[in-house]
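Here is a chain to explore step by step. Keep the sequence and the model side by side as you read.

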Amino acid sequence: MKGPGRILKIIGPGLLVAATGVGAGDLATGALTGSRLGVAILWVVLAGAFLKFVLNEGLTRWQLATGETLIDGSCRLLGRKFGFLFLLYFLVWSFLVAAALMSACGAAASAIFPIFKDPGSNKICYGLLHSAIGLTLVRLGGFRVFERLMGACIALMFLTVVVTAVLLAPGASVVLQGMFLPTIPQFGQGGLEWVVALTGGVGGTVTMLCYGYWIREEGRTRIEDLAVCRIDLATGYLVTALFGMAMVIVGSTVEVSGSGVGLIVGLADRLASELGPVAKGCFLLGAWSAVTSSLLGVWQSVPYLFSDLWRHCSPGETLERSSDPTRERPYIVYLYLLSTVPAIGLWWGFARMQKAYAMTGALFLPILALALLLLNSGRGPLPPQLRNRPLTVVVLGATLVFFLLFSWFVIF
């Protein structure tokens, strides 16, 4: 394989991380933070993407060195009780993220092409339709079809939103200053809370675990593949950072209010007055691509996590993994449950769903940082050259403290 095909094969899983990790909550958080604090906090997006890169690189090191996913290793070392506790957390989180994504897709699609006069009815119908289409594509299309669709979605959302940001940007010098000179405007008037929320909102939470399954689909199982995975992850989180900064820039130049997808729709209306109706349509299409790619990514990857947890928690199941997990019964059953049961959330408020989802996701990040500090340390099974280096330990420790603060702000 040569040229663009080879490049896409290298960075494909990283782009899946970016497409899955950017959803309606990330769009809204970036726009609101930019509206309140301006482009002076662009550095926060870069910092958040870097922290998520460090976490996912640690996950990848563990998996390539041991042949186990992080779930496998944690359940083996900490026992079945840990597996049960994490399974309970996972069930709550997956229900909330699925409900939030159905609601987001429904609201975004209804803003582009409403069918009914009632916005709530539009959201419900489109939400159910997106879930059904996502289920069909994942079930029948296979990984390669999924990968191509996600690539198209991320290209569309990246081009439309980033181009909008370039058209609205206040100037190169102002943007560069916001990227590389860390400041926190309105520090004592809520600025710190917005900075913490923006950092936590960059790049997903539990979905970071899915990268290990995607690199297996690409045949990356040896420690020699670590260098390629680092390039892959760096590309994915660079795209995530560019998208997040674009939303901050757009939010800083247009007055926004509200929450969730309603905020994005209101933002698009204001963009129409600034740049014209074509800009509004393009921006809405990009926002729809963002939430739709997140739904597809969650539908395809989250059942992997359930299959692993089921193997460790169910006494009747073998611990041996098949060559194609997508054909295993736990994967298939959970895919159907994930795409149907959370639909009851379509009748709940979007902001309420997003808050509950953010709360549960925030709790995962400090747990992940702590697990990587323990598993990849000198006492773990990794060879010396793959263990955490001093700088990595510092970054993971800072991540642990930072996201504990994020969890505190989200919950309280």
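Two residues are in contact when they have heavy atoms within 4.5 Å of each other. Keep that cut-off in mind, and remember that this is a predicted model.

Start with the whole chain. It has 15 helices and zero strands. Of its 412 residues, 54% are buried. Now look at the contacts with a separation of 6 or more. Residues 24 or more positions apart account for 84% of them.

Val45 lies in helix H3, which covers residues 42–66. Which residues does Val45 touch beyond those up to four places away in sequence? They are Leu198, Val202, Ala241, Gly244, Met245 and Val248. Take Leu198 from that list. Val45 and Leu198 are 153 residues apart in sequence. In space, their C-alpha atoms are 6.9 Å apart. Is Val45 buried or exposed? Its relative accessible area is 0%, so Val45 is buried.

Thr399 sits in helix H15, residues 390–411. Thr399 counts as buried because its relative accessibility is 0%. Leave aside its neighbours within four places in sequence, and Thr399 is in contact with Leu51, Leu55 and Ala369.

Now for the nonpolar core. The largest one holds 114 residues. Within it, Phe90 and Trp299 touch the most other members. Which helix gives this core its largest share? It is helix H12, residues 277–313, with 15 residues.

Yet H12 bends by about 30 degrees at Trp299. A proline, Pro303, follows within four residues. Why call H12 largely enclosed by the rest of the structure? The reason is that 29 of its 37 residues are buried.

Go back to Phe90. Not counting residues up to four places away in sequence, Phe90 touches Val302, Leu305, Phe306, Leu309 and Tyr334. Phe90 also belongs to an aromatic cluster.

A pair is described by the distance of the centres and the angle of the planes. The count here comes to eleven aromatic pairs. Take Phe82 and Phe86: their ring centres are 6.1 Å apart and their planes are at 10 degrees. Planes under 30 degrees apart count as stacked, so this pair is stacked. Both residues are in helix H5, residues 80–112. They are four residues apart there, so about one helical turn separates them. Their accessibility falls on two sides of a cut-off, since buried means under 20%. Phe82, at 24% relative accessibility, counts as partly exposed. Phe86, at 12%, counts as buried.

Last, check the cysteines. How many disulfides does a search of the whole structure find? It finds zero. Cys105 is one cysteine in no disulfide. The nearest cysteine sulfur belongs to Cys153 and is 9.3 Å away. A disulfide needs sulfur atoms within 2.5 Å. Cys105 is buried, with a relative accessible area of 0%. Cys282, in contrast, has a relative accessible area of 36%, so Cys282 is partly exposed.

Key. Residues numbered from 1 in each chain as written. Predicted model: local features only at pLDDT ≥ 70, side-chain atom pairs only at ≥ 80, totals over all residues. Heavy atoms only, no water. Helix = DSSP H or I, 4+ residues; strand = E, 2+ residues; numbered from the N terminus. Buried < 20%, exposed > 50% of the residue type's maximum accessible area, 1.4 Å probe, protein only. Core = buried A, V, L, I, M, F, W, Y, C linked by side-chain atoms within 4.5 Å. Bend = angle between axes of the 7 residues up to and from the residue. Phe/Tyr/Trp six-rings, centres within 6.5 Å; stacked < 30°, edge-to-face > 60°.
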